[in-house]
Amino acid sequence: MGTGCPGRHRGGVRVRETTARRGPERRGPRSGRNAADRPRHAAYEAVAAVHRDDAYANLVLPAILRDEGLFGRDAAFATELTYGTLRHVGTLDAILTAAAGRDVQRIDPPVRDALRIGAYQLLHTRVPAHAAVSSTVDLVRVVGPGATGFANAVLREVAERDSDAWVARLAPPLETDPIGHLALAYSHPQWIVRAFSEALGGDLGETTRLLIEDNERPPVHLCARPGRADPVDLADEVGGAPGAFSPYAVYLGGGAPGDLAAVADGRAHVQDEGSQLVADALAAAPLDGPDGRWLDLCAGPGGKSGLLGAIAAQRDARVTAVEVAEHRARLVENATRGLPVTVLNTDGRLVGSEPKLPEEHFDRVLVDAPCTGLGSLRRRPESRWRRQPSDLPALTRLQRELLTAGLRAVRPGGVVAYVTCSPHVVETHVTVTEAARRCGAPVDFVDARPLLPAGMPGLGDGPTVQLWPHRHGTDAMFLALLRRTA
């Protein structure tokens, strides 16, 4: 990584970067810091934590905002800089490489992250160019003393073109390398663009719309728990709007959802509308025979368990929620407090050998399997740069094992929902087909489309359903319903 190598800007000004400390100095009172720059410092600290510590922005940014004393418009600006920079970092790095005349990876990490934030302001916000450059140079003066001249020269070069002009200069031609072009133009790794395109049947126009939507800031969705909150009343209470598709969804206009009374007292929880829809589809699937024993085989952190538990409470059913990680099992317990949910801290693959997970026992089973998370990149933009194709073999093996366990757990006549927040065909159709073939029991696919709201567009030919951000405004959730026939 960066070594503080000397470099030459095109104007002939020789500058030298210096190795800096791993983050900006966390001063005590913020009164000594330029108030106008505090949102930029907050964004820098979040972006640096993501790249330095493998942190997640949604976990570290709230604490940083509190530490900086940022609220309202300042907090919103810091949030925009953080998430915008992380979403666009692939394209920003290509532009910074061209502007600096060296690979961006040779720039010292603190300076590199500051430049990314500066370039994002220049190319994707209405911040005047002089303000974006000067504020970033001021930031570099704190995080990488000695590199201010370098930063100034690089950002002035970036400012010479707008984003479209940079893409036109740096991206391969769309006609000869469409995947490479889209990857640079919309800041996604090529393997993810290729996976999206394959899942969309090779439609490059629709793939482009998906990539654009992936780079937009997603709205916060609340789930009004049935029996505890009415979504229309909840929307009025929180200043939001009822969802377009899920009968429980409320779109939140802004603010911190964790501060809402409805969330604090268990009447609602934060959950993407797509996750609500797939859980509700499982609960709505027709059954013959008893319907009192439900199983969530991969329950953490508890959103779907909470919704299923609220539905079960109205139908005199009980949910067994299984989570292998102890800290996530505690999250499930917190999320389902007061609902007819029993949490087991064990491995869901132990169906048949774990006494509390007998075979052929449950009427409805949810297998919300661990996955690459490619369907929620708009919410966790840093994930697009962390995931690799090499992650797939281990994940898909685990997915098959968990789904096979779910098919062992369900009674004949019962229904299993396989759900994953990824549209990658290996994690969706391939996993389901292989697990159904290997499970050792006869199973039929249930057409999931009639179990989703009438009039929902773009649900495909069935029997499985793939939801999409650009079609439905949800995360890219995949749903397959399988009925065990004997």
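This is a predicted model: local features need pLDDT of at least 70, side-chain atom pairs count only at pLDDT 80 or more; totals for chains, interfaces and linings use all residues.
In the pair formed by helix 10 (residues 190-199) and helix 11 (residues 204-214), the axes cross at roughly 125 degrees and come within 9 Å. Helix 10 and helix 11 are therefore oblique to each other. The crossing of helix 10 past helix 11 is right-handed. On the side of helix 10, Val-193, Phe-196 and Ser-197 make the contact, and on the side of helix 11 the contributors are Leu-204, Thr-207, Leu-210, Leu-211 and Asp-214. Classified by residue type, this contact of helix 10 with helix 11 comprises five nonpolar, two polar and one charged residues.

Helix 6 (residues 129-143) and helix 7 (residues 148-158) pack with their axes 9 Å apart, at an angle of about 155 degrees. Angles over 145 degrees count as roughly antiparallel, and helix 6 and helix 7 are therefore assigned to that class. The crossing of helix 6 and helix 7 is likewise right-handed. Helix 6 contributes Val-133, Thr-136, Val-137, Val-140 and Arg-141 to the contact, whereas helix 7 contributes Thr-148, Ala-151, Asn-152, Leu-155 and Arg-156. By class, five nonpolar, three polar and two charged residues make up the contact of helix 6 with helix 7. In general, residues three or four places apart point the same way, because an α-helix has 3.6 residues a turn.

Helix 19 was examined through its buried residues. Glu-427, Thr-428, Thr-431, Val-432, Glu-434, Ala-435 and Ala-436 of helix 19 are buried. The elements against which the buried residues of helix 19 pack are helix 18 (392-409), strand 11 (410-420), strand 12 (443-446), strand 13 (465-466) and strand 14 (478-484). Val-432 is located in helix 19, which spans residues 426-438. With a relative accessible area of 1%, Val-432 is buried. Beyond residues up to four places away in sequence, Val-432 touches Leu-403, Tyr-418, Phe-445, Phe-478, Ala-480 and Leu-482. The C-alpha atoms of Val-432 and Gln-399 are 8.7 Å apart in space, and the two residues are 33 residues apart in sequence. Just after helix 19, Gly-440 takes a positive phi of about 85 degrees.

A contrasting case is provided by Arg-52, which lies in helix 1 (residues 38-53). At 35% relative accessibility, Arg-52 counts as partly exposed. Arg-52 and Asp-162 are 110 residues apart in sequence, with a C-alpha to C-alpha distance of 29 Å.

The cysteines were considered next. The structure holds zero disulfides. Cys-223 is in no disulfide, and the nearest cysteine sulfur, that of Cys-421, is 16 Å away. Cys-223 counts as buried, at 0% relative accessibility. For Cys-439, the closest cysteine sulfur is that of Cys-298, at 16 Å, which is too far for a bond because a disulfide requires a pair of cysteine sulfur atoms within 2.5 Å. Cys-439 has a relative accessibility of 13% and therefore counts as buried, the cut-off being under 20%.

Notes. Residues are numbered from 1 along each chain as its sequence is written. Side-chain values use heavy atoms; hydrogens and water are left out. Buried means under 20% relative accessible area, exposed over 50%, partly exposed in between (1.4 Å probe, protein chains only). Axes are lines fitted to C-alpha atoms, for helices over the stretch in contact, and angles run from 0 to 180 degrees between N-to-C directions. Helices (H or I, at least four residues) and strands (E, at least two) are DSSP runs, numbered from the N terminus. Angles under 35 degrees count as roughly parallel, over 145 as roughly antiparallel, 65 to 115 as roughly perpendicular and the rest as oblique. A crossing is left-handed if the near helix is turned anticlockwise from the far one by less than a right angle, and right-handed if clockwise. Contact means heavy atoms within 4.5 Å. Ala, Val, Leu, Ile, Met, Phe, Trp, Tyr, Cys and Pro count as nonpolar, Asp, Glu, Lys and Arg as charged, and the others, Gly among them, as polar.
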